[in-house]
Amino acid sequence: MGARIMVVEDERIVALDLKGGLESLGYDVVGISARGADAVERAGSLRPDLILMDINLEGPMDGTEAARLIREDYRLPIVFLTAYATEKTLERAEASIPYGYLLKPFELRELAATVRMALARHKVELKVERSEERLRLAVNAASLGVWEWSSSADGQPSDGYELSPAMERLVGDAAQISREGRESLLQRIHPADRPAILEALQTQSSILASVRMRFQDEREGSVELHARVYPQGGGDTENKRVIGVIRDITEKRAFEDQLRQANVVFESTAEGILIADAQRRIISVNPAFTALTGYPAEEVLGQDPDKFLPTRREGDHFNPEPDEPGNAYWQGELACRRSDGEVFPSWQHVCVVRNELGKITHFVMTFSDISGIRKAEAQINHMAYHDALTGLGNRHRLDELLDMELPRHQAEGLRLAIIFMDLDGFKTINDTLGHTSGDLLLQVIAGRIHDGLRRSDYAIRIGGDEFVVVIPDVKRVEDCALLAEKLLKQIRTPVELPHERVSVSASMGIAIFPDNARTRQEMIKSADSAMYEAKSRGRNRYAFYSPDMAARTRERMLIEQGLVRALEDNSLTVYYQPVVDMADGSLVGMEALVRWQHPELGLVPPDRFIGVAEESGLIDGIGAWVMRTACTQAMIWLAKYPIELRLAVNVSVREMAADNFVDRISHTLQETGFPPQNLEIELTESTLQSIEHSQGLLYQLKALGVSIAIDDFGTGFSSLGLLKHLPIDRIKIDRSFVRDLPADSNDIAIARAIAAIASSLGLQMTAEGVEEKAQQQFLHELGCQNAQGYLFSRPLAREEFEQLLSGDKQNALH
Ligand SMILES: Nc1nc2c(ncn2[C@@H]2O[C@H](COP(=O)(O)O[C@H]3[C@@H](O)[C@H](n4cnc5c(=O)[nH]c(N)nc54)O[C@@H]3COP(=O)(O)O)[C@@H](O)[C@H]2O)c(=O)[nH]1
């Protein structure tokens with residue numbers, strides 16, 4: 001069939017003539033209109049292949065206006081047939097971009113040629129249009145930005161820009177670019193990438209590059225740029241026509257960066273990564289997987305990890321089914337097996353990867369070896385419950401143990417015992433030999449305690465030199481006593497330290513659950529009280545708890561707290577016991593003896609508080625105070641009375657162990673002006689034995705000019721060798737050997753032996769506790785030079801002693 005043509009002509013005859021002519025040429029005339037508006041409407045409904053349009057029409061709309069509207073609305077080709085060709089008419093006709101302009105009158109063959117050319121041109125244009133449409137679709141679908149700039153014919157930049165919508169989104173619309181000029185477009189390229197692009201525009205006909213750009217929304221991104229450069233006029237960039245396509249590859253770049261980073265992570269992370277497909281077959285593992293498990297990639301690819309990795313039963317999955325609905329992620333601890341069979345704890349994360357339909361495509365499992373963490377946890381746990389020095393349990397461990405064991409023993413009707421022990425003499429060793437030796441000693445003792453126990457018993461060091469042994473499930477209380485004996489023996493065995501051999505003993509208190517206490521706190525308190533009891537009974541022994549001990553413990557605490565105040569508020573006082581010449585009973589000196597006027601307990605004898613003061617360290621302050629007070633007082637008496645008096649002052653082991661002991665004595669002598677040759681320092685045998693460098697200390701004291709006496713002689717274990725090498729002036733026979741003289745043959749023998757030692761070593765001798773004339777007589781005959789005791793005088797308050805000196809009570813000494 002021929003092409004479909006619509007005729008727009010106001011003269012009916014001409015229109016019919018035209019129709020006949022067209023039909024004779026084989027065309028199909030689908031409509032005839034005489035009015036412009038009608039023509040526009042029918043063009044829309046008929047959609048002819050061509051419209052032949054007269055310019056003069058019926059009605060207000062002429063042919064040029066109708067043609068313009070048809071062109072705009074339907075893009076149909078139009079050929080004008082008119083008798084007019086004025087400039088104005090042509091101008092108006094031009095606006096509709098006609099396919100031909102035929103001046104009436106015309107020949108049929110002219111019409112035939114014009115119609116044929118118009119139809120041919122429209123066909124081609126339709127083809128181009130469709131092709132452009134397809135291209136536009138493709139460009140938009142690919143979000144490609146297409147641009148073109150060209151120069152004017154004279155070589156001046158005309159900056160005619162054609163930008164696709166995607167391009168406009170990236171760099172702004174064409175109008176804006178036209179305003180700002182192509183420089184603004186080039187300025188959007190990153191300065192580092194710009195020179196290469198400019199050079200390519202100058203020298204190349206085709207450009208393919210990736211550049212960084214700043215987009216119109218000020219976002220930094222990357223684009224892929226394809227351009228063709230067509231020379232135009234002169235050779236420089238400005239005179240070229242350039243068509244380009246750019247594609248925003250910012251996301252792609254970021255994605256590639258992410259992929260690269262992910263790959264680096266995959267390759268270099270310390271965590272093992274395993275990727276399996278939906279059937280749980282391994283498709284990829286990273287180097288850390290091989291390092292952690294020992295399996296090379298080629299050995300495990302295609303394998304089901306459940307078959308070789310976890311230490312679980314056959315058929316168990318390597319995770320608790322993350323592919324179950326709602327389970328996209330699982331993490332937890334599993335024990336895994338390395339290729340060499342070694343089992344290690346691992347912390348695993350398992351994620352599922354799903355496709356767009358939500359179907360699982362892969363599993364990604366990451367895991368790390370947490371043996372280090374578990375080990376560190378175990379160490380921290382161990383540190384929290386164990387004593388760092390000895391490795392025994394610590395206070396927390398004791399609390400935890402008793403909190404756990406006491407209810408069990410209660411429920412099962414069992415007994416539990418704790419032995420609270422404190423080392424006797426440890427503080428002195430620690431102070432004199434130093435903390436390194438002290439630590440070593442504690443380690444040895446801790447080892448002995450530990451080794452002396454059953455596997456079911458527990459050894460705890462609760463601090464310093466205090467240890468606790470917990471004995472669960474006690475069948476017989478006597479067993480605790482046997483264990484205490486055994487431990488006492490092991491503890492007092494001498495310890496070889498790097499430079500010395502030392503001995504300590506222990507005082508132990510035993511409390512039994514539920515007999516003595518029902519709670520953890522009560523148990524510890526009861527055992528502690530019993531331990532103090534053992535200490536006050538002479539140390540190196542154990543004591544079972546009894547209710548009256550609690551009262552004694554309370555008293556001890558009362559004493560300790562009271563002593564602190566006593567030093568501050570001067571409620572201590574010094575009594576003086578006269579020392580007489582055996583021969584004639586004349587006064588030769590006095591022993592300073594401390595007393596404490598307690599507000600509630602009355603006059604407290606030193607036996608009750610010296611031990612507490614030694615344990616609490618208060619003895620240093622008390623001893624210094626006694627020395628200063630006695631020297632000051634004796635100095636007054638020396639000045640006032642014409643008697644050469646010797647002042648004896650007791651010094652305890654702890655005082656002597658102090659670093660500044662000798663300096664302190666020297667300072668007191670200087671401070672009080674008391675003559676050193678009149679001062680006698682009384683030390684016990686045990687003091688000399690406890691202090692390794694006592695020999696040096698005694699020589700330093702002697703260098704000050706003071707004399708030294710050994711108190712309570714005979715009660716310790718002084719060897720004659722020791723005495724021989726010490727600069728001692730006097731020994732004082734303990735009153736326990738004097739008490740039954742002259743009746744007791746043993747005491748006679750001991751007194752004679754002591755007198756022989758004193759005489760052979762050239763030492764002076766004083767008898768203590770002389771209460772009877774017969775004792776005085778006997779000791780005098782043995783060669784004992786001095787004596788003190790109730791026979792002559794009890795210890796006297798300062799004022800009483802002064803009366804004695806002033807002669808008021810001289811007779812009292814005889
Ligand atoms: N480190 C210090 N120790 C001191 C100090 N003051 C005293 N002490 C020591 O305390 C212990 C008890 O002393 P005390 O209760 O004063 O008893 C002394 C005398 O009262 C007592 N004594 C004297 N004669 C007799 C007697 O005939 N019979 C009898 N039953 N008791 C008597 O002996 C104690 C003196 O003993 P000693 O010191 O061994 O000469 C005692 O160990 C004191 O050393 C102090 O300031 N620091």
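In this predicted model, I275 stands opposite S284 in strand β12. The pair belongs to the contact between strand β11 (residues 272-277) and β12, two strands that run antiparallel and are joined by 3 bridges.

At the β13 end of the order, strand β13 (residues 329-337) runs antiparallel to strand β14 (residues 343-354), and 9 bridges join the two. One of the facing pairs is formed by W330 and its bridge partner in β14, V350. The hairpin of β13 and β14 has 5 residues between the strands, and G341 takes a positive phi near 95 degrees there.

Strands of a sheet pair through backbone hydrogen bonds, either parallel or antiparallel. Here an open sheet of 5 strands has parallel pairing and the order β2-β1-β3-β4-β5. Strands β2 (28-33) and β5 (100-103) stand at the edges with a single partner strand each, so one side of each is left without a neighbour in the sheet. Direction ignored, neighbouring strands of this sheet are turned against each other by 20 degrees on average. Within the sheet, strand β1 (residues 4-8) and strand β3 (residues 50-53) pair in the parallel sense over 4 bridges. V8 has M53 as its bridge partner in β3. Helix α1 (residues 12-24) packs on this sheet and touches β1, β2 and β3; the direction of α1 makes about 170 degrees with that of β2.

The discussion now turns to helix packing. Two packed helices are described by the angle between their axes and the distance between the axes. For helix α2 (residues 36-46) and helix α3 (residues 63-74), the axes come within 9 Å and cross at roughly 20 degrees. An angle under 35 degrees counts as roughly parallel, which means that α2 is roughly parallel to α3. The crossing of these two helices is right-handed. On the α2 side, the contact involves G36, A39, V40, A43 and G44, which meet G63, E65, A66, L69, I70, D73 and Y74 in α3. By class, the contact of α2 with α3 has 7 nonpolar, 3 polar and 2 charged residues.

Helix α18 (residues 520-536) and helix α19 (residues 547-569) pack at an angle of about 75 degrees, and their axes are 9 Å apart. Because angles of 65 to 115 degrees count as roughly perpendicular, α18 is described as roughly perpendicular to α19. The α18 residues S529, A530, Y532 and E533 meet M549, A550, R552, T553 and R556 of α19. The residues of this contact divide into 4 nonpolar, 2 polar and 3 charged.

Several backbone features deserve attention. Most residues other than glycine have a negative phi, and most peptide bonds are trans. The peptide bond from F513 to P514 is cis, with omega near 5 degrees. P514 is found in the loop between β21 (505-513) and α18, the helix that packs with α19. A cis peptide bond also runs from L741 to P742, with omega near 0 degrees. P742 is found in the loop between α27 (735-738) and α28 (745-761). E218, a residue other than glycine, has a positive phi near 70 degrees. The loop between β8 (206-214) and β9 (220-231) is the place of E218.

The ligand is surrounded by 23 residues, of which the closest are L593, V594, P606, N650 and G789. At least two residues of the shell come from each of β24 (587-598), α20 (606-616), α21 (619-640) and β28 (707-713). In terms of class, the shell around the ligand divides into 9 nonpolar, 7 polar and 7 charged residues.

Key. Residues numbered from 1 in each chain as written. Predicted model: local features only at pLDDT ≥ 70, side-chain atom pairs only at ≥ 80, totals over all residues. Axes fitted to C-alpha atoms, helices over the stretch in contact; angles between N-to-C directions. Parallel < 35°, antiparallel > 145°, perpendicular 65-115°, else oblique. Left-handed = near helix turned anticlockwise from the far one by under 90°. Contact = placed C-beta atoms within 7 Å. Nonpolar A, V, L, I, M, F, W, Y, C, P; charged D, E, K, R; others polar. Near = placed C-beta within 6 Å. Pairing = 2+ DSSP bridges.
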